[in-house]
Amino acid sequence: MNKIKVSFKVNNKDYEIETTPLRRLLDILREDLKLMGTKEGCGEGECGACSVLIDGELSLACITPATQLEGKEILTIEGISDKDGEPSYIQKAFIDKGAVQCGFCTPGFVMATHKYIKDGGSNDETKIKEALSGNFCRCTGYAKIVDGVKEAIVRHNDKEAK
Amino acid sequence: MKKVVGTKVKRLDAYEKVTGKAIYGDDINLPKMLHAAVRHADIPAGKILKIDTTKAKNLKGVVSVLLHDDIPTVKKVGPIRRDHNVIVKDSVHFIGDVIAIVAAETLETARKAADLIEIEYEEEQGIFDPREALKPESKLIHPEYKSNLVVHYPLRKGNVEEAFEKAESSDDEIIFERDYKTPYQEHAAIEPEVVIAEPNHQVKGVDVYGSIQNPFTTRKVVSIFTDLKLNQVNIIGSTMGGSFGGKDDIINVMACRAVALSLATNRPVKLAYTREQAMKEGYKRHPYFLNYKLAVNKNGKIKAMKINIVADSGAYSSQSFFVTWRSVVQATGPYEIENVQTDIKAAYTNKPYTAAFRGFGSPQIIFAQESMMDELANELGLTPYEIRKINGFKQGSKTASGQALTEHKVSLMEVIDIALEKADYHNKLKEFEKYNKTSRRFKKGIGFSCSYRGSSLGAEGVDTTSAIVSVQADGSSYIMTGLNENGQGLRTTYAMVVAETLGCTMEDIQFLTSQTANIADGGPTVASRGTIAGGNAVKDACDKIKANIFSVIKETFNVTEMTELVWADNKITNPQTKQEINFADAVQMTLNEGINTSAYGWWKSPDVSWDKETGQGNAYFTYVYGCQVAETQVDTSTGKIDMLNMVAAHDLGRVINRTGAEGQVYGGVAQGIGYGLLENYSVQNGIVKSENFDEYLLPTIKDIPNIDAILVENPDKYGPYGAKSLGEPTLELGAAAINNSVKFALKKKYNANPLTLERVFLGKDLVKKVRQSEVVSKERCEVPNINSKSNSETVPEKTTDRVSDINITVAKTLKEALEIMSNKKHWIISGGTDVIVQLRKEKYHKELLDISQIKELKITNEIDGNIVIGSACTFSSLIDNELIQKHYPLFIDGISLIGSTQIRSRATIGGNLVNAAPCADSVPSLFVYDASVKIESTEGSKIVKLSDFILGSYKNILGENEILTQIIIPIPKDKKYYRYFFKLGRRNALNITRMSIATMMSFDDNNKIDEVYIMPGSVFAKFQRLTNLEEFLVGKEFTTDLIEKVIALLDEKLESEIGGRWSSPYKIPVFKNMLRDALLTILEEK
Ligand code: FES
Ligand code: FES
């Protein structure tokens, strides 16, 4: 099996790795870079547990092959926290609103929320639900996740206003 | 004074979970760890003639391959009956049986080796219906037990026969009978199952990690399997990614396999399942067949109830003994009935086995009995509320098992009243009735269901649990418990009990992950007993510590009774004298006296009883009550149901953590909605058809409505601070409430869940008839392929589910890509949303060509009155593109409904067209806009109409060396077009299109139809516009009459082209409705 070299950034750190071309970003993150926060729930692009941002687009690490990583900037849950290593306002809002139960889906939801707020997402419940509709949660019934996102938007707007 | 119990508290483990730092089973990697894979059976029933492991063993990196005979010790396990072979010997009982296990240096190698094992079978006809299995002439699935019957529980109260005889001869009474059917349900915890085993040389045994729901059960099973003593097996649970009852028996057998490989290789071994493997082998909720027969007084009083239930146990007995026992206790529902006769039997079949799932034998009976109560009310001219008021449990009522409900508050009518009031039920009944009279297409419904449920294990087994609380010299403390945090929030609840009892603060409490080696067997974390059992054990430990501390400080305070002091806010205070001591100082004083400030807590349930012959006894020591109200809207054109609202009122005794309790309600209600509307684990002739989340439909965020969670508190004398249970009741009521709501909306009755489109629309299921021998290949759309998949031979399924060893070449320019294609046929990959998913399932290897980085293919431009779209443009880029928005709103309508944000940002228009799935959402509107595609190769290029490009399901005209490079769409005339796009699917997001319709119309100055386009999706074998209908319409005046005429034309076409198909009884009338809705909507808009 031939190998390819790819260079990319993950959470602002440069990486160059040698791997097989169809290796999934998910395996590269978890196995090579030991970034375990991105989870695998289905491996076929249905559940959203492996959501990451690639060049700012919300993407699924389980169906992204190594060949498509060259020069990309990838953001994972490990890169979401605030500069001082504290959880970000989104993460704090999730904690405060009880948006987490087993937590396996949580990194994916945090990433989807991050993308939504970054794009200027509003507090409109329908829009929030649309933005999170690619992520399954089996524990929470989604109610407190929506509360968490709304709270995060409020905190984001407060921050912006300051 | 700050109270802790009953407040909203943040989870102790939330921080590590939101930051991605929590360590789940699959996140554990040990030094020198091997990876394991299992080889599942390929048939549902038969004999294994030969197993050849040569190729697997010869694969580089394979360290061990084990078969049944390689296991030196006990080979069968099971909670009651040891009928479950960890690795089967020579007969296959279901498709998820494991025939061999492999350990290798990498996961990829292990899974590949598992595929390379060659097995010869003699396939036998399986038994797939438990009623069939119980017939005397049926083949025995486990001959050693001499019967396919796993268990039979009878219950006899009063004299049912006499009551029926009396009813038959009386004018005041009627006999009422109903049959119901409930399906399999898959737990679908988002984390798939995983275990890791490691030799422990110190104890000459093993340590086991992983997603383990019940560590003590796993320990027992591993110990039996290996012949190791209990103290040689240590189970260390990892953070659980959800369980819901699902990570018990399956994890235990997986643990045995990992342990066997670990002992054989003397290395750590990880066995992680893919979603497909987990769904195939993992156990489910039992499907039930239920028959209820009643004798009822015409005024509504139920005199007698006779219940016959057959449960599908699948290939193994597993937890059927316990699950069906709960059913027999609660089968009548919360109704006081003098004469009851219940028989429940569980039987073996050659299908996935069934065991614990949140609800545990209650969602099935509640679906039946609560659906029946509404139908009975209807029959007698009573309201659903009245029938429950007449029969429902009151304080002191006697249950079917003869238990008098005197020891707790019987709050059935209380929760019903609270829920109905919150839902504004009585007014909505009238309001919806009125709405439904005038609304043509949509009907609204409201309905409810109620239940009672025994807390904890009851007479099912010994009901005890353990906890350790250890207070340190500075007042901080540790907790360890024998019950497990599965994601439900137990740790936080226990910490709150400690904080409340000792008066210390939450911040000062740490929870230690328990290991089976460090604490006494706390029994299983099941039956919603986490709070009541574990909370009591924690409180017991705290009370002991408190007594020790008190024995020292009472002199300082000069008091004699504990009750004279208040323990709160990290202080101990005498309210009389205002004297206070810091909690930490008090602890230090106690330690200084040489007195222990750590304690073991223990809880044993109050006495319960059960008589096996008669089904009489005090089954549980206390009960909880709940009521849920569902509001729905039904699309009568299609049978699609949308949830409008849910109200859930649950008496949980006492709230400990309000945030946690509400979370339990929301989560349980959502699972109940799944059970009622969507989730259908499909097994056809023993073959699992729902292997992953594309086929097994979980509710998405858009399918769950607002949920009002109401926590009703009637403290129980046996609970810690009065708390009882909540987790399971929240799931068990939804399906019945939804069914009652839909019945109200449509004035029809339904006797099976989930309420699929066909069930609602036709009142029955449509099933494709297949024989066991026809193992049908997986289709992602619901139109049968006229040909097999494009350009590919039929290939057997693989278990690998990994694709790393397939080669991809990346092309940077179109020229380069075309050259590569001219040398050798490559499969083209761009977004990968289809290709990678398909590759996981196919055994042979293709060469891939990645075109996602070719700039020319990612541009959209206006050229000569056309918009030209590069084939590698993603759907999200098109949705955001102003040119597309301006000219092709109908196209935007269609592609906005594809998958999810994540899918749309990857999937490309070229991929969608080349894949040519009948359900491809970009196609119908492109047909309407008369798009063409450009095909290129090194030999040149050509432009063909899209309608000529797609030949049929998954078939197109692309040659071996060609690439689809552009989509060319003429810019429509600048005039007013009316448009309508509708996509029918079962969910509101991540939807596979069942059928769709794209319609566009314009009118001339005389108000006659000028242009009209009607384009169905997923209806015919080949994509086609309905030109004969269009021609018929053009030039005519647009009226409702005309619409009916064109529908008649459509009917002829549908009948002649798809009339014979198994799905046509649904598809034909529904597609006619879809066209009618399309045209009427445009007519209205005009
Ligand atoms: S693991 Fe990637 S979407 Fe489920
Ligand atoms: S919190 Fe468990 S899946 Fe979402």
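This is a predicted model: local features need pLDDT of at least 70, side-chain atom pairs count only at pLDDT 80 or more; totals for chains, interfaces and linings use all residues.
Residues are numbered from 1 along each chain as its sequence is written, chains are lettered from A and ligands numbered from 1 in the order in which they are written, and side-chain values use heavy atoms, with hydrogens and water left out.

**Domains**

Domain bounds come from an automatic or database domain assignment. For chain B, that assignment gives domain 1 (15–124 + 193–272), domain 2 (150–184 + 285–457 + 612–762), domain 3 (464–604) and domain 4 (976–1086). The C-alpha centres of domains 1 and 2 of chain B lie 37 Å apart, and 20 residues of domain 1 are in contact (heavy atoms within 4.5 Å) with 23 residues of domain 2. Chain A gets domain 1 (4–80) and domain 2 (83–161). Their C-alpha centres lie 21 Å apart, with 18 residues of domain 1 of chain A touching 14 residues of domain 2 of chain A.

**A sheet in chain B**

Helices (H or I, at least four residues) and strands (E, at least two) are DSSP runs numbered from the N terminus, and two strands pair if DSSP finds at least two bridges between them. In chain B, 7 strands make an open, mixed sheet in the order 3-7-1-14-11-12-13. Strand 3 (62–66) and strand 13 (233–237) of chain B each have a single partner strand, so they stand at the edges with one side left without a neighbour in the sheet. On average, neighbouring strands of this sheet are turned by 20 degrees against each other, direction ignored.

Strand 12 (residues 205–210) of chain B runs parallel to strand 13 of chain B, joined by 5 bridges; B:Val208 has B:Ile235 as its bridge partner there. Helix 6 (residues 215–226) of chain B packs on the sheet against strands 12 and 13 of chain B, its direction making about 150 degrees with that of strand 13. For such angles, axes are lines fitted to C-alpha atoms, for helices over the stretch in contact, and the values run from 0 to 180 degrees between N-to-C directions.

**Rings and charges**

Over all chains, the search turns up 25 aromatic pairs.

| Pair | Centre to centre | Angle between planes |
|---|---|---|
| B:Phe94 and B:Tyr316 | 5.9 Å | 85 degrees |
| B:Tyr184 and B:Tyr681 | 5.2 Å | 80 degrees |

B:Phe94 and B:Tyr316 sit 222 residues apart in the chain, and both are buried (under 20% relative accessible area; exposed is over 50%, partly exposed in between, with a 1.4 Å probe and protein chains only). B:Tyr184 and B:Tyr681 lie in two loops of chain B, so their pair ties together parts 497 residues apart in sequence. B:Tyr184 counts as buried at 4% relative accessibility, and B:Tyr681 does at 3%.

A charge sits over a ring if NZ of Lys or CZ of Arg is within 6 Å of the ring centre and within 35 degrees of the ring normal. B:Arg285 puts its charged end over the ring of B:Tyr675, 5.2 Å from the centre. B:Lys1053 lies over the face of B:Phe1020, at 5.2 Å from the ring centre.

Note on methods
Rings of Phe, Tyr and Trp (its six-membered ring) pair if their centres lie within 6.5 Å; planes under 30 degrees apart count as stacked, over 60 as edge-to-face and the rest as tilted.
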